[in-house]
Amino acid sequence: MKILLATSEALPFAKSGGLGDFIYSYSKTLAKKGHDVSVVMPLYKVIRDKHPEVMNDHYDTFDFNMGGRMQGCGCFRQKVEGVNFYFLAMDRFDRDELYGYGDDDERFACFQMGVNTFVTRHNEYDVVHCNDWQTGVIPLLLKYNPRPIKTIITIHNPAFQGWTAREHVGNWFNLDSFWYDNGTVRMGDCFNYLKTGIMTADRITTVSKTHRNELMNDSLGFGGIGNVIRMRENDFVGIVNGLDTDIWDPTTDPHLAKNYSIYDYKIGKRINRDAILEILGMDNSFRGPLFSAITRLSGQKGVDRIISAMDEMKRCDGRLIVIGTGDMENEVLMNALNHPEVYLVRRYDENLAHLLYAASDYFLMPSYFEPCGTSQMISMRYGTVPIVSNVGGLADTVIDLGAGNNGTGFVFNNSDPSAFMNCLISASQHYYQPGIDHLIRNGMKGDYGWNRNADEFVNLYNSIVK
Ligand code: ADP
């Protein structure tokens, strides 16, 4: 079976969040298990700048028609860890950032039309696995492919859906207005890429079992996407993401000041704590816990809760280091400036993130919604106890200490306004008690890799490819 993953981002080339981790770690696992797997993604400027070697293998060049206008597209190829990566080069991706532009709807229309042409020209794939709104229209486009191709769409973040005007059904995607009129691609009075994927893919997945239920019950909103998903209930499954345990391994991680394992984590974490405090010029004479958050600073991630946690630092003689960027950056900065115990690193910094996971005692992830989340799994592997809300993948992967012997973290009720602060105070107190080591060890022993979950995907592919 030949599998093609269509995505807007993937490590080791371009990442803004969990999707980039997912594609790389999952595709590597499939390749290791002997499957024929490829990834197709845009050739961003950042890839040309940081990985110019991808331009060495020019695989193809083609044009495609977008409502009467011809769009040129180059295609480059590189094999990494057994996975074929294909990069589609178009002028619209030659910009500093991956996303966040006013014409993202048109940029990813170009990308999807490019993927459609690529698949038709190299007509060898059995399954095209799409991811999020940036690839949502591909399942419908591929219905016109001369050879039937099965499609899957995975919803990583339903808050982003790819809304655009109805006329673009025809003038960007060359699709008949019939698809809009019959409701397949229409949401309210707009064309919605994610809805299109949900309506037209052979199977739909999301990245945790709890998030599947949240979407089915519409318990978190998302502009009525639950009504759409319920129509596909029997084709909709939740499969929890795995973690890249090659990259995220405290025994080998090259970014740490000291590698450590479950046997020597106390000394290992202490050395990493001293190292990060020195790098950031912070005083290391405090006795309490080091808290951390490494995140997009957006409302979804519970940034207001992270801000409210700042007051607790003085009380418990602790410190908080936040690494993040996003639309709530200024708010976090203003509050951090009023709290000498808090330090904000205001950039995307992969290297420092590794060190901080290792250095800290507690990881804050008080998200309002979290389809899966990667950071809580990383932190548990690094012996950093997560403090999380009981939503989505956080509920599926972190076991509250109150649940008995298997506890790996602190899980609080998302809908109770005082629960986070109570949980934080309880965590601060536990820091001084021996029971905390039990939580740390349970977390470090957990199996967060892809092995088991990748098989769930393969079974799904097999169930549709006859
Ligand atoms: P999401 O995909 O919603 O952003 P995830 O928890 O699934 O959230 O993935 C976030 C990933 O991005 C984690 O690997 C985290 O360490 C990383 N990350 C987020 N912000 C930063 C940052 N400013 N610097 C370095 N890594 C970051």
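Visitor: Which helix gives the largest share of the lining of the second largest cavity?
Guide: Helix α1, residues 18–32, gives the largest share, with three residues. Keep in mind that this is a predicted model.

Visitor: Which residues line the second largest cavity?
Guide: The lining is made of Gly 18, Asp 21, Phe 22, Asn 241, Gly 242, Cys 372, Gly 373, Thr 374 and Met 377. By class, three of the lining residues are nonpolar, five are polar and one is charged.

Visitor: What volume does the second largest cavity have?
Guide: The volume is about 40 Å³.

Visitor: How many cavities of 30 Å³ or more are there?
Guide: The count comes to two.

Visitor: And how much space lies in the largest cavity?
Guide: About 50 Å³.

Visitor: What lines the largest cavity?
Guide: Its lining consists of Leu 11, Asp 21, Tyr 24, Ser 25, Gly 242, Leu 243, Asp 244, Ile 247, Trp 248 and Thr 374. Five residues of this lining are nonpolar, three are polar and two are charged. Asp 21, Gly 242 and Thr 374 line the largest cavity, and they also line the second largest cavity.

Visitor: Now helices. At what angle do α11 and α16 pack?
Guide: Helix α11 (residues 303–315) and helix α16 (residues 419–430) pack at about 35°, and their axes are 10 Å apart.

Visitor: Is the crossing of α11 and α16 left-handed or right-handed?
Guide: The crossing is right-handed.

Visitor: Which residues meet there?
Guide: From α11, Arg 305, Ser 308, Ala 309, Glu 312 and Arg 315 take part. They meet Phe 420, Met 421, Leu 424, Ile 425 and Ser 428 in α16. The contact of α11 with α16 has five nonpolar, two polar and three charged residues.

Note on methods:
Residues numbered from 1 in each chain as written. Predicted model: local features only at pLDDT ≥ 70, side-chain atom pairs only at ≥ 80, totals over all residues. Heavy atoms only, no water. 1 Å grid on protein atoms, 1.4 Å probe; cavity = no way out; pocket = protein on both sides within 12 Å on 5 of 7 lines; lining within 4 Å. Points joined across faces, edges and corners; volume = space filled by probe spheres on them. Nonpolar A, V, L, I, M, F, W, Y, C, P; charged D, E, K, R; others polar. Helix = DSSP H or I, 4+ residues; strand = E, 2+ residues; numbered from the N terminus. Axes fitted to C-alpha atoms, helices over the stretch in contact; angles between N-to-C directions. Left-handed = near helix turned anticlockwise from the far one by under 90°. Contact = heavy atoms within 4.5 Å.
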